[in-house]
Amino acid sequence: MLKMTHVSKIYRTDTVETHALREFSLTVDEGEFVSVTGPSGSGKTTFLNIAGLLEELSGGTYELDGRDISSLTDSERSKVRNEKIGFIFQSFNLIPELNIFDNVDVPLRYRGFKAPERQRRIERGLELVGLASRMKHYPAQLSGGQQQRVAIARALAGEPRFLLADEPTGNLDTEMAVSVLDLLDEINAGGTTIIMVTHELSLAKRARRNIFVRDGRVSDRPPEIRLAASAGQV
């Protein structure tokens with residue numbers, strides 16, 4: 001379970017103080033699929049970075065699986081992040097000089113897994129995303145949707161409990177975006193908790209719960225989705 005209570009994030013310079021999150025409170029239970037929407041600059045990505053232990057919060061508390069994250073050292077945070085959290089970004093972040101197998105292998109090498117275990121995880125991840133037959137291909141030989149699937153396989157190879165996706169369909173056309181969402185649905189059905197930031201309300205509706213963020217604060221669902229739900233359209 002992920003639980004944030006009255007979390008704040010403040011960026012400071014010599015002359016400017018910017019409040020990215022204000023009294024941000026949110027609980028995501030194990031196995032949920034949650035989408036996070038909101039206007040540009042509302043704090044969506046800041047929330048995701050704090051959830052993924054990429055940034056520290058300025059105030060409040062953050063618990064992950066019952067553990068207070070705010071009290072951990074940098075090395076402890078890195079260990080939790082590597083063991084529990086997988087990331088999917090809008091840009092696929094694949095290494096063009098490496099084939100698909102080796103791209104998925106990179107983070108596993110950093111974690112120190114032995115070769116047989118790495119191979120098991122890589123083959124399983126690529127099988128889940130439907131690319132087992134292309135593991136020797138290079139990123140340039142794949143479509144955008146296939147590259148994003150490789151990025152998902154790379155995240156899944158770490159066997160994370162939480163999958164954080166920041167605009168995972170932002171660089172894809174509509175058909176490919178729907179295909180990636182179908183895949184995320186399957187992953188979630190397997191028990192992985194997913195939190196997805198997206199600006200596309202049509203994709204946000206695919207999640208089980210929708211969170212709307214404005215001015216660094218959270219509400220249950222964006223007005224557009226609430227209205228559709230009250231009209232029986234969602």
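## Gly145, a buried glycine

Gly145 is buried in this predicted model, with a relative accessible area of 8%. Its place is in helix α5. Leaving aside residues up to four places away in sequence, Gly145 touches Leu172 and Met176.

## How α5 meets α6

The axes of α5 (residues 144–157) and α6 (residues 174–189) come within 9 Å and cross at roughly 20°. Angles under 35 degrees count as roughly parallel, so α5 is roughly parallel to α6. The crossing of α5 past α6 is right-handed.

On the α5 side, the contact is made by Gly144, Gly145, Gln148, Arg149, Ile152 and Leu156. Facing them from α6 are Met176, Ser179, Val180, Leu183, Leu184 and Ile187.

His6 lies in strand β1 (residues 2–12), and its phi is near 50°, a positive value in a residue other than glycine. His6 is partly exposed, with a relative accessible area of 45%.

Asp65 sits in the loop between β4 (59–64) and β5 (67–68). Asp65 has a phi near 55°, again a positive value in a residue other than glycine. With a relative accessible area of 28%, Asp65 is partly exposed.

Conventions: Residues numbered from 1 in each chain as written. Predicted model: local features only at pLDDT ≥ 70, side-chain atom pairs only at ≥ 80, totals over all residues. Heavy atoms only, no water. Axes fitted to C-alpha atoms, helices over the stretch in contact; angles between N-to-C directions. Helix = DSSP H or I, 4+ residues; strand = E, 2+ residues; numbered from the N terminus. Parallel < 35°, antiparallel > 145°, perpendicular 65-115°, else oblique. Left-handed = near helix turned anticlockwise from the far one by under 90°. Contact = heavy atoms within 4.5 Å. Buried < 20%, exposed > 50% of the residue type's maximum accessible area, 1.4 Å probe, protein only.
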